[in-house]
Amino acid sequence: MSGNEKNLQELKDELARLKDTLCDIEDVHAFTFVKTSVHIGAEKAQNMQDEYEEECRILNEKISSLERLISEKEGARGR
């Protein structure tokens, strides 16, 4: 495997890891707020929601960035 192919595979592996992390965060959030009847204060619930949204935003930005980079590298490789 050449250096470029290895680098591309590493990017794809990182993309898969980020998507798995995002799914895990979404599952925990759904479990906490939808599937359980945990009673937490409104302030704590709002803080948890804000933290969840921020984590998702950051991960989605990283995922989009990696997808663009992979697409560019695959396009350059095909030339």
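Predicted model: local features only at pLDDT ≥ 70, side-chain atom pairs only at ≥ 80, totals over all residues.
The protein chain contains two helices and zero strands (DSSP runs numbered from the N terminus, with helices being H or I of at least four residues and strands E of at least two). Its C-alpha trace spans about 55 × 15 × 15 Å along the principal axes. The radius of gyration of the protein chain is 18 Å, whereas a compact globule of 79 residues would have a value near 12 Å (taken over C-alpha atoms; the globule rule is 2.2 Å times the number of residues to the power 0.38). Buried residues account for 18% of the 79 residues, where buried means under 20% relative accessible area, exposed over 50%, and partly exposed in between (1.4 Å probe, protein chains only).

Contacts were defined by heavy atoms within 4.5 Å. Of the contacts between residues at least 6 apart in sequence, 82% join residues at least 24 apart. Phenylalanine 33 lies in helix H1 (residues 3-35) and is partly exposed, at 31% relative accessibility. Apart from neighbours within four places in sequence, phenylalanine 33 contacts Ile40, Ala45 and Met48. The C-alpha atoms of phenylalanine 33 and alanine 45 are 8.7 Å apart, with the two residues twelve apart along the chain.

Lysine 35 is also placed in helix H1 and is exposed, with a relative accessible area of 67%. Between lysine 35 and aspartate 24, eleven residues apart in sequence, the C-alpha to C-alpha separation is 15 Å. Over the protein chain there are 12 positive and 18 negative side chains, and the centres of the two sets lie 7 Å apart. Lys and Arg count as positive and Asp and Glu as negative, without His and the chain ends; each charge is placed at NZ of Lys, CZ of Arg, CG of Asp or CD of Glu.

The count of disulfides is zero (a disulfide being a pair of cysteine sulfur atoms within 2.5 Å). The sulfur of cysteine 23 is too far for a bond, because the closest cysteine sulfur, in cysteine 56, is 9.9 Å away. Cysteine 23 is partly exposed at 39% relative accessible area, whereas cysteine 56 is buried at 9%.

Technical notes. Residues numbered from 1 in each chain as written. Heavy atoms only, no water.
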